[in-house]
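Hello,

Below is the structure you are taking over.

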Amino acid sequence: CIHLIFKVMKVQYKPAQIIQITEESASVRRFVFKVMQDEPFTFKPGQFVMLDLPIESKITNRSYSIASAPNSASTFELVIVLNPGGLGTPHIWENYKVGDIVPASAALGKFTLPDQLDTDLCLIATGTGVAPLRSMLMHLHAHKLTDERKNQIKAILDPLGLSPQKRFGEHEIDVSRMKNLG
């Protein structure tokens, strides 16, 4: 008999306004949110947020990796794949429009860059799994962290690894250019 112990996480939500929606493909959309609060919305590259959705389910929150680099504008991007058999993404597809306010959690998760980048990194992802790595690479590039440390950062990002309907970012991620940022 296996016993699983779940630590119940109490999550507080803040209002976040959808300021942009981009249809990347038939089943992938990029949503840009602006957190509406007095204090800045901060996150580390690689973290995720939870959206609390008004759906008929015991669990109404859904987790999405942040696909943008941290910024001072309190905005973040999510790249979301439609799951036609699910409850969350069909609701998002059918109901959410630019200007809508959505309850969003603070940034969560520990899949982040080390505080001190003193070793080489190898990042591999496909499809929308590119999202947290995109956040990391944009952060490293924006802060020229690879230049200072002279480390090798190899990224194999294959947004084309999915069927054409689930692809995203192929126009913005030049895999050959991003393979070695160091």
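Phe 31, Phe 33, Phe 41, Phe 43, Phe 76 and Trp 93 are linked into a cluster by ring pairs. The criterion is that rings of Phe, Tyr and Trp (its six-membered ring) pair if their centres lie within 6.5 Å, with planes under 30 degrees apart called stacked, over 60 edge-to-face and the rest tilted. Under that rule there are 5 aromatic pairs. One of them joins Phe 41 and Phe 43, a tilted pair at 5.8 Å centre to centre with 45° between the planes. Phe 41 also pairs with Phe 76: the ring centres are 5.1 Å apart and the planes stand at 35°, so this pair is tilted. Phe 41 sits in the loop between strand 2 (28-35) and strand 3 (48-52), while Phe 76 belongs to strand 5 (residues 75-81), so the pair links distant parts of the chain, 35 residues apart.

Before going on, the conventions. This is a predicted model, in which local features need pLDDT of at least 70 and side-chain atom pairs count only at pLDDT 80 or more, whereas totals for chains, interfaces and linings use all residues. Residues are numbered from 1 along each chain as its sequence is written, and side-chain values use heavy atoms, with hydrogens and water left out. Helices (H or I, at least four residues) and strands (E, at least two) are DSSP runs numbered from the N terminus.

Buried means under 20% relative accessible area, exposed over 50%, and partly exposed in between (1.4 Å probe, protein chains only). Phe 41 has 6% relative accessibility and therefore counts as buried. Phe 43 is buried at 8%, and Phe 76 is buried at 1%.

Now the strands. Strand 2 is mostly covered, with 7 of its 8 residues buried. Strands are taken as paired if DSSP finds at least two bridges between them. Strand 1 (residues 13-25) and strand 2 run antiparallel and are joined by 8 bridges, and a hairpin connects them through 2 residues. Strand 2 is also antiparallel to strand 5, with 7 bridges between them. Phe 33 in strand 2 is the bridge partner of Ile 18, and Phe 33 stands opposite Phe 76 in strand 5.

Which residues does Ser 105 touch? Counting contact as heavy atoms within 4.5 Å, and leaving out residues up to four places away in sequence, the list is Val 11, Gln 12, Tyr 13, Phe 41, Val 49 and Met 50. Ser 105 is in strand 6 (residues 101-105) and is buried, with a relative accessible area of 2%. Its side chain reaches the backbone nitrogen of Met 50 at 2.8 Å. A polar contact here is a pair of N or O atoms within 3.5 Å; within protein, one must be able to donate a hydrogen and the other to accept it, and residues adjacent in sequence count only if both atoms are side-chain atoms.

On charges, side chains of opposite charge can pair when their charged atoms come close. With a salt bridge defined as a side-chain nitrogen of Lys or Arg within 4 Å of a carboxyl oxygen of Asp or Glu, the count is 4. Arg 29 forms one with Glu 23, the closest N and O atoms being 3.9 Å apart. In that pair Arg 29 is buried at 17% relative accessibility, whereas Glu 23 is exposed at 54%. Arg 30 forms another with Glu 24, at 2.8 Å between the closest N and O atoms, and both Arg 30 and Glu 24 are buried. Glu 77 and Arg 134 meet in a salt bridge at 3.3 Å, N to O. Glu 77 lies in strand 5 and Arg 134 in helix 2, so this pair ties together parts 57 residues apart in sequence. Glu 77 and Arg 134 are both buried. Salt bridges link Glu 24, Arg 30, Glu 77 and Arg 134 in a network.

Last, helix 2 (residues 130-142). Of its 13 residues, 10 are buried, so the helix is largely enclosed by the rest of the structure. Among the buried residues are Leu 133, Arg 134, Met 136 and His 139. The expected span is 1.5 Å times one less than the number of residues; for helix 2 that gives 18 Å, and the end C-alpha atoms are 18 Å apart, which agrees.

Regards
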